[in-house]
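Please read them beside the coordinates.

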Amino acid sequence: MRLADQIIIADDHPLFRQALMLTLETVPELTGTQWLEADTVVALEALLEHSADADMLVLDLQIPGAHGFSTLVHVRSHFPDLPVVVVSAHEEDENIRRAMQAGACGFIPKSSDPELLREAMVAVLEGQVWVPDPKVLEQSGDDDIVARLSSLTPQQHRILMMFADGMLNKQIAIDLSVSEATVKAHATAIFKKLNVRNRTQAVIAVGQLDLAQFQAE
């Protein structure tokens, strides 16, 4: 019995995407599965608009356009029925815990051997939660920023990420084909939802979702 008709792989390294697909194609339960690929957050958003009924998203936290766990939070809040498995080279316990806290169904280190990768993917597709060490999930954490970020609309999330990239209102307006007044209106709504006063505080709030390794550097 095939476990998935469509699986999206969001990673900016084509060699990794290819290796992942070749590995998973050896799983009998995934024979005939259609693989969809995205190498940026923008490409992923475009895919999700037309493939929201995919069976799984395999997500690299450092895909271009993402800021730490922000893309994971956004996807889980707007596509709650889409299971997300994080596959990352940042295997610190804190990153695993926060990914699961943000709604991931599994966290697979990129250093995993092919057999472990296959085992983990099948487990998640069967409805289980998979992490390298379940004890990691026993640690507590503050999910307030996750809840606040989840309340943003897709357009508000997109603009917030542009704020984090240092783009000016005028640049954002041109990129999104809207007026500066519209960008400012979205900004006001974003600040209210994040409980901040200005753009700087909003960017700092997003920074709380950075990968643990970056916070330590």
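**Notes on the predicted model**

1. Asn-195 is exposed, with a relative accessible area of 66%; exposed means over 50%, buried under 20% and partly exposed in between, for a 1.4 Å probe and protein chains only. Asn-195 belongs to the loop between helix 9 and helix 10, where helices are DSSP runs of H or I with at least four residues, numbered from the N terminus. Asn-195 is not a glycine, yet its phi is positive, at about 60°. Most residues other than glycine have a negative phi.

2. This is a predicted model, in which local features need pLDDT of at least 70 and side-chain atom pairs count only at pLDDT 80 or more, while totals for chains, interfaces and linings use all residues. Residues are numbered from 1 along each chain as its sequence is written, and side-chain values use heavy atoms, with hydrogens and water left out.

3. Ser-177 also has a positive phi of about 60° without being a glycine. Ser-177 is placed in the loop between helix 8 and helix 9. Its relative accessible area is 66%, so Ser-177 is exposed.

4. Val-196 lies in the loop between helix 9 and helix 10 (199-207). With a relative accessible area of 15%, Val-196 is buried. Neighbours within four places in sequence aside, Val-196 is in contact (heavy atoms within 4.5 Å) with Phe-191, Gln-201 and Ala-202. The C-alpha atoms of Val-196 and Asp-39 are separated by 31 Å, and the two residues are 157 residues apart along the chain.

5. The structure holds one aromatic pair. The ring centres of Phe-163 and Phe-191 are 6.4 Å apart and the planes stand at 35°, so the pair is tilted. Rings of Phe, Tyr and Trp (its six-membered ring) pair if their centres lie within 6.5 Å; planes under 30 degrees apart count as stacked, over 60 as edge-to-face and the rest as tilted. Phe-163 lies in helix 7 (residues 154-164) and Phe-191 in helix 9 (residues 180-194), so the pair ties together parts that are 28 residues apart in sequence. Both Phe-163 and Phe-191 are buried.

6. Helix 8 (residues 169-176) and helix 9 pack with their axes 8 Å apart and at an angle of about 110°. That makes helix 8 roughly perpendicular to helix 9. Axes are lines fitted to C-alpha atoms, for helices over the stretch in contact, and angles run from 0 to 180 degrees between N-to-C directions. Angles of 65 to 115 degrees count as roughly perpendicular, under 35 as roughly parallel, over 145 as roughly antiparallel and the rest as oblique. Asn-169, Lys-170, Ile-172 and Ala-173 of helix 8 make the contact with Glu-180, Val-183 and Lys-184 of helix 9.

7. Helix 1 (residues 14-24) packs against helix 5 (residues 114-125) at an angle of about 75°, with the axes 10 Å apart. Helix 1 is therefore roughly perpendicular to helix 5. On the helix 1 side, Leu-20, Thr-23 and Leu-24 meet Pro-114, Leu-117, Arg-118 and Met-121 in helix 5.

8. The charged end of Lys-110 sits over the ring of Phe-16, 4.3 Å from the ring centre. The criterion is NZ of Lys or CZ of Arg within 6 Å of the ring centre and within 35 degrees of the ring normal.

Note on methods. Helix = DSSP H or I, 4+ residues; strand = E, 2+ residues; numbered from the N terminus.
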